[in-house]
Amino acid sequence: MTRLSALFFSALIFCAVGCLRTSTTVIVHRNGSATIIDTTLLTKQTMEMWKEMAKASKQKLEDVLRQDMRDTTAAQRAAQMGEGVEFVQSSFVSRNGMAGYVTTFSARDVALLQINKNQFHEKISTDSAGKAEAPAFVRFERNGGQFRIISEPLAPSQDESELDSELTDKEIANQVNIARKFMKDLDLALRVTFESGIADTDAMFVRDNTITLIHIPFNAILKKMQKDPQVFRYMAGIATPAPWDMEKEFNKLGGGVVMETKPVVTVKLRQ
């Protein structure tokens, strides 16, 4: 299974239990430390199911969700994010008809931090051949008021033996119909905010002091999939993209879909 297949199908499995809006924001502080904020919310369409689960188990909704978003899991994630990263807290939130947890981590030095862009990929730990799938990390380098954000592509180069088999347009249409049922309102995002402000950057997607590396609103993608089967092929890894080709294709979709395509983004901070 290709890396993009893992991302797609693990998201599909996750959404069968409850579709999510999940975002990770790295806040880089003036002293070079960082705060990482993970927000994971169940969408409105799945909230009733979780409320029924809570009612059936005679528990509060907060307690049922905590079992799935445990502090112990967050502590393990902190270790995966690099040396000097610590789990701070996980707080239940309920807003706009959605509910979930905001989890906070601290990083002693952002230069030691690594964030896996394939966060859903972690739900599937091996490919079809049983090999461990490599993550796609974002790392940071700093030199005074100069920063570099270094990213790995979501889809690596592949041997012919590793490629997924081709699907017909009809088969893809069936897959998209399944995805529409389970992945509606799924939303993924990864952003970096600089506390000092940004004086200059070559990042593609910048607003004020925040750089967006990934934003995937699946509703927009599903609409495109219905019209063009090739969109599904790219997302599932069937189109065998070279590194960064997949990101470039997704940026053509519109609808708020954003993927940074530069392996290295430079940032000059405000003084």
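Me: Why is threonine 39 called buried?
Reply: Threonine 39 has a relative accessible area of 11%, and buried means under 20%, exposed over 50%, partly exposed in between (1.4 Å probe, protein chains only). So 11% makes threonine 39 buried. Bear in mind that this is a predicted model, where local features need pLDDT of at least 70, side-chain atom pairs count only at pLDDT 80 or more, and totals for chains, interfaces and linings use all residues. Residues are numbered from 1 along each chain as its sequence is written, and side-chain values use heavy atoms, with hydrogens and water left out.

Me: Which residues is threonine 39 in contact with, leaving aside its neighbours within four places in sequence?
Reply: Those are Arg21, Thr22, Ser23, Arg95, Tyr101 and Val102, with contact meaning heavy atoms within 4.5 Å. Threonine 39 itself sits in strand β2, residues 34-42.

Me: What makes phenylalanine 92 and tyrosine 101 an edge-to-face aromatic pair?
Reply: Rings of Phe, Tyr and Trp (its six-membered ring) pair if their centres lie within 6.5 Å; planes under 30 degrees apart are stacked, over 60 edge-to-face, the rest tilted. Here it's 5.7 Å centre to centre and 70° between the planes, so the rings of phenylalanine 92 and tyrosine 101 pair edge-to-face.

Me: How do you know whether tyrosine 101 is buried or exposed?
Reply: Tyrosine 101 comes in at 1% relative accessibility, so it counts as buried. Phenylalanine 92, at 26%, is partly exposed.

Me: What percentage of the protein's residues count as buried?
Reply: 48% of the 271 residues do.

How values were computed:
Helix = DSSP H or I, 4+ residues; strand = E, 2+ residues; numbered from the N terminus.
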